[in-house]
Amino acid sequence: MSSSSALPSGYQLSAASPEWLNKGDNAWQMTAATLVGLQSIPGLVILYGSIVKKKWAVNSAFMALYAFSAVVICWVTWGYKMSFGEKLLPFWGKAGPALGQKFLIKQAALPASAHYHKNGTLETAMIMPFYPMASMVWFQCVFAAIAVILLAGSLLGRMNIRAWMAFVPLWLTFSYTVGAFSLWGGGFLFHWGVMDYSGGYVIHLSSGVAGFTAAYWVGPRLTVDRERFPPNNVLMTLAGAGLLWMGWAGFNGGDPYTANIDSSMAVLNTNICAATSLLVWTWLDVIFFGKPSVIGAVQGMITGLVCITPGAGLVQGWAAIIMGVLSGSIPWFTMMVVHKKWTFLQKVDDTLGVVHTHAVAGYLGGILTGIFAEPTLCSLFLVVTGSRGGVYGGSGGVQVLKQLVGGAFIIGWNIVSTSIICVLIGLVIPLRMSDEQLMIGDDAVHGEEAYALWGDGEKYDGTKHGLYPDDTLHGQQASGATQVL
């Protein structure tokens with residue numbers, strides 16, 4: 001067995017299994033990418049299609065489906081290298097395709113990630129996971145896709161679908177790639193030591209702020225829809241939420257780029273924080289409204305998942321519980337109390353409250369990560385040696401400042417870039433549907449409806465159809481019933 005020839009062919013060194021390839025890491029990275037992809041397709045497709053009013057079920061689900069597909073093509077054509085390629089600007093990588101065989105089968109590497117001491121000596125080597133670039137490109141692609149889909153939650157029920165089709169590639173190109181390179185790909189915030197383990201800033205703060213900004217420019221739903229917008233299927237909403245929660249194992253567990261102990265910590269902390277947040281949100285609903293809300297529980301679950309994301313592999317379990325308590329209460333307060341009393345928030349029609357569930361929870365998570373990041377866990381993941389949270393003394397106090405500044409950059413960039421994109425699209429395509437389309441919904445926009453149920457706006461013609469479709473089997477019953485009528 002000592003000879004390589006005694007090994008099965010799949011384990012022998014070859015062009016398909018080079019020496020640098022770690023099959024376990026590669027298997028986990030592709031699995032993690034698939035889990036994140038399932039959060040969007042079908043997770044958010046189901047959640048969006050069921051949490052909205054029935055007349056918007058098809059359109060809402062389709063916005064998510066379209067965004068996922070469009071991002072995949074834009075990502076491999078130019079977006080990946082803008083986010084994880086060679087440095088062009090301190091906040092942007094050089095655009096280029098990630099489609100060629102020579103690029104995709106070589107060992108994964110983030111060329112701008114090598115970190116240096118102030119004197120120019122190497123502090124932390126370039127990130128080079130033990131799997132091919134193809135795995136890295138796909139893993140990062142599903143993150144980009146879910147960011148755009150989360151943003152859509154602010155725009156459901158009125159954005160012109162053609163404007164959305166133009167918005168997706170533009171926002172990916174001029175907003176998402178900037179945050180991704182700055183914090184993950186080797187940009188200035190990455191090298192300064194801002195902590196964003198798995199996207200509290202890059203994904204959630206970004207999509208929450210951009211969604212709220214886009215909602216301002218698109219305009220509100222019809223008044224009747226704003227006043228009453230019940231979910232058309234609460235059970236399916238729970239199904240979509242469940243896929244979102246379980247998929248988060250890939251979301252946070254895949255970001256160490258290897259199946260190591262930090263990945264395990266991240267997955268456990270993710271579930272601890274999400275469960276705590278859901279319970280706290282539910283308790284608050286019971287205390288103040290007298291009954292638990294299923295939709296409220298889903299919101300609490302989401303805020304917990306979002307809050308832990310920037311620190312999932314960097315904090316201890318007890319800190320994850322504290323973060324869950326705060327993520328279940330602070331976004332609840334901003335959504336249930338502040339939103340109802342602040343006129344500006346009421347003027348902007350953020351359909352699913354993404355500014356609360358993602359922007360508030362994401363920024364909160366980033367700040368709490370700066371407080372609770374544990375030094376040993378930081379050393380397992382971060383390129384800046386000696387990193388730590390505020391409760392551990394030393395440079396921890398400065399870390400909180402870094403987290404505040406990093407979040408402020410993401411907020412500012414998204415407000416500006418999203419506004420410019422919306423204004424430019426609005427010059428060519430109306431951002432909002434016509435009032436006629438808004439009154440009708442899916443049938444006017446797509447010529448399709450979510451449910452084909454008997455009695456939904458139609459009158460039953462007994463003289464034409466009979467009471468039963470099968471008169472051979474049920475002729476006597478049909479006849480008798482007709483006589484009674």
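How many nonpolar, polar and charged residues does the lining of the largest cavity have, by class? The legends below take up this question and others in turn.

The structure is a predicted model, in which local features need pLDDT of at least 70 and side-chain atom pairs count only at pLDDT 80 or more, while totals for chains, interfaces and linings use all residues. Residues are numbered from 1 along each chain as its sequence is written, and side-chain values use heavy atoms, with hydrogens and water left out.

**View 1**
A cavity is a set of points, on a 1 Å grid over the protein atoms alone, where a 1.4 Å probe fits but cannot get out, and its lining residues have an atom within 4 Å of a point. Grid points are joined across faces, edges and corners, and a volume is the space filled by probe spheres set on the points. The count comes to one cavity of 30 Å³ or more, and about 130 Å³ of space lies in the largest cavity. Of the 13 residues that line the largest cavity, Leu47, Tyr48, Ile302, Leu352 and His358 are the closest to its centre. Two or more lining residues come from each of α1 (23-51), α11 and α14 (354-372), and the largest share, four residues, belongs to α1; helices here are DSSP runs of H or I with at least four residues, numbered from the N terminus. By class, this lining has 10 nonpolar, three polar and no charged residues, where Ala, Val, Leu, Ile, Met, Phe, Trp, Tyr, Cys and Pro count as nonpolar, Asp, Glu, Lys and Arg as charged, and the others, Gly among them, as polar.

**View 2. The largest pocket.**
A pocket, unlike a cavity, is an open set of points with protein on both sides within 12 Å along at least five of seven lines. The largest pocket has a volume of about 950 Å³, and of its 27 lining residues, Phe229, Gln299, Met335, Met336 and Thr351 are the closest to its centre. At least two lining residues are supplied by each of α8 (223-227), α10 (261-289), α11 (294-308) and α12 (317-341), with α12 giving the most, four residues. The lining divides into 11 nonpolar, seven polar and nine charged residues.

**View 3. The second largest pocket.**
The second largest pocket has a volume of about 470 Å³, and among its 23 lining residues, Ile127, Pro256, Tyr257, Phe381 and Val383 lie nearest its centre. Its lining divides into 17 nonpolar, four polar and two charged residues.

**View 4. The largest nonpolar core.**
A nonpolar core is a set of buried Ala, Val, Leu, Ile, Met, Phe, Trp, Tyr and Cys residues joined through side-chain atoms within 4.5 Å, and buried means under 20% relative accessible area, with a 1.4 Å probe and protein chains only. Of the 105 residues in the largest core, Tyr48, Tyr80, Trp164, Phe167, Tyr176 and Ile203 touch the most other members, and helix α4 (residues 133-152) gives the most to this core, with 16 residues.

**View 5. Asn269 in its helix.**
Asn269 has its place in helix α10 and is buried, with a relative accessible area of 1%. A polar atom of the Asn269 side chain lies 2.7 Å from the backbone oxygen of Val315. Not counting residues up to four places away in sequence, Asn269 touches Ile308, Ala312, Val315, Gln316, Gly317 and Ala320, where contact means heavy atoms within 4.5 Å.

Key
Buried means under 20% relative accessible area, exposed over 50%, partly exposed in between (1.4 Å probe, protein chains only). A polar contact is a pair of N or O atoms within 3.5 Å; within protein, one must be able to donate a hydrogen and the other to accept it, and residues adjacent in sequence count only if both atoms are side-chain atoms.
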